[in-house]
Amino acid sequence: SFVAGVIHPWRVSAFERLLWRACRGYLVASFVEMPEPMEDPATGESITWVIFLISYWGEQIGQKIRKISDCFHCHVYPYPESEASRADTMSGLHSQIQDLSVVLEETEQYLAQVLDKVVLVLPTWRVQVQKMKAIYLVLNQCSFDVTEKCLIAEVWCPVRDLTQVQDALRQGSYKSGSSVECFVQRIPTSESPPTLIRTNKFTAGFQSIVDAYGVASYQEVNPAPYAIITFPFIFAIMFGDVGHGLLMFLFALWMVLYENSPSLRQASNEIWLTFFEGRYLILLMGAFSIYTGFIYNECFSKATVIFPSAWSVATMANHSSWSSDYLATHPSLTLDPNVTGVFQGPYPFGIDPIWSLATNHLNFLNSFKMKMSVVLGVVHMGFGVLLGVFNHVHFQQRHRLVLELLPEMVFLLALFGYLVFLIFYKWVKFSVADSMVAPSILIHFIDMFLFTSNADNLPLYRGQVPVQTVLVVLALASVPVLLLGTPLYLCCRRRAPRTGRPAPVAAGEQEPLLEGQEAGNSVNATKEDVESGGHDPDSEHLDFAEIFMHQAIHTIEYCLGCVSNTASYLRLWALSLAHAQLSEVLWTMVMRNGFVRLSYVGGVVLVPTFAAFAVLTVAILLVMEGLSAFLHALRLHWVEFQNKFYVGAGYKLCPFAFAPDAWE
């Protein structure tokens, strides 16, 4: 008789020795390894099993062999004794294998079809799972009521969205078939509400710039609407070039036109996503740079002749009778504007293109850009101080209009507003004829603080010294008012006896919180609670030392900041000069070499020269210089502009919402 089966290869030697000793040689055993490994059904491990076939004599020997096989965890299979039975068994196994192969193939095809269908609906399933997880996360943050049958959620909600929230809750209760209707009830709180600023795809980039400095406090003036104009304009002052601005504008315009493209919106590059989110900001920066480029009359560092020049070289040549010998010995010629017909008036728009050929064009542009930076800086800071009016009026702190805003404006305008006046007055009063005797504004400004006058520096107008003395005295007098005004006012207000409490709101003056809700159902439904959030402004504990310390810090910061911030706006002049000089160097040292030979060889050389010029223009002037100008414009808004009125001590409202960008 025969016993056939398979055994683990590690147990073959022990199995064979035990069979030989137990059966005393009354058997013939044959062991053969499988040609291919098979998976162990118990452990799932891939094993190269060993097939054994044992021939024995006697039924007792057969029982011993089967017991030993069971002990070694062998898989025993029936083995027919006759040749015909074995042939039938083999054919049956082959047919069974074929049937199983067909079943497996059909199963794989069916699974492939199922997976193909799943691939189509998998994004939808993923969205549904994410929504369910988000919903359950929010529900887990709710608390149960006393009966443990309803959920109570305390949330912040915009006032104008309360009606929509209640309608949504009613529809949810109706669709779910709940016996208890959901409702909204407003509760008073002393906590500061979060800040919600509704933006769109255009204003989101500008709001992100403001939020990076600090989220606006609740109902505080938001600088973002004003930054839509001031930020690109200040950037363009430092980046003024028609060609560079046009390239930036076209790049941003391409992103704006294809903003709905999935390849642009779902890119994995973080730097690219930063550019894409600020596409409208870049668009305005490019447009404003084109404008300031026309003002500077620079296009890739070269001047454009839109209008004829106001300077006449022919008139100067006829008046001076320049000879050939004179021209040979004088490489630089001077145009005298006092000569009749040489200077015919100001250029219609921007800088006269003849200045790009002058050897002293840097001196001219430096004076122009430096004074322009001071004027724009003082106007920008003054506008920031005036925006504080809305905060003081809205938060019912009208005493700060007189005790803080007024001294701040007096200090700023008496010193630096007067400097702006001197700049414009000098431009208007002195013409070309008497420009050589024009006094120095810088010397006058220094003498103003020293309460002196300089005999060598002529006054700009009569009575200049007394006027300057009065302005300095006003500026100095505004400092103690700014320092002590608010603390003393609050201290006196705190010590003043209270005449009485405001009368309670009558029941008839209560307003319903939501449409369809009866007034008086909730004690929290009064309009005063809605507006004040249940917070009594007189309930704060006022510490005079703390208030005085805070006001002292504010006074020192403002007074010193007016000086340092005005000087800080000179970065507009420095960055503009650096950009113009880099652009000129790049043209002179790279692109100009491509025009040396006006032949076929020169045309061949012009191609790689232009390629190098284009690459360097994009890499240095657009990317590096653009990033530098962006950072400086960012600093001017954060430090010089926003700190005049903006606190930024709030926190964002993070409403529960399904962002569509995550699964588009």
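Four strands make up an open sheet, ordered β2-β5-β1-β6 with antiparallel pairing; strands here are DSSP E runs of at least two residues, numbered from the N terminus, and two strands pair if DSSP finds at least two bridges between them. At the edges lie β2 (27–33) and β6 (75–77), each pairing on one side only. From one strand to the next, the twist averages 20°, with axes fitted as lines to C-alpha atoms and angles running from 0 to 180 degrees between N-to-C directions. Strands β1 (residues 2–7) and β5 (residues 50–56) run antiparallel and are joined by six bridges. One of the pairs to look for is Ile7 with its bridge partner Val50 in β5.

Please keep in mind that this is a predicted model, where local features need pLDDT of at least 70, side-chain atom pairs count only at pLDDT 80 or more, and totals for chains, interfaces and linings use all residues. Residues are numbered from 1 along each chain as its sequence is written, and side-chain values use heavy atoms, leaving out hydrogens and water.

Now to the cysteines. A search of the whole structure finds zero disulfides, a disulfide being a pair of cysteine sulfur atoms within 2.5 Å. Cys491 is in none, as the nearest cysteine sulfur, that of Cys492, is 5.7 Å away. That distance is too far for a bond.

The table gives relative accessible areas (buried is under 20%, exposed over 50%, partly exposed in between; 1.4 Å probe, protein chains only).

| Residue | Relative accessible area | Class |
|---|---|---|
| Cys491 | 18% | buried |
| Cys492 | 54% | exposed |
| Met132 | 46% | partly exposed |
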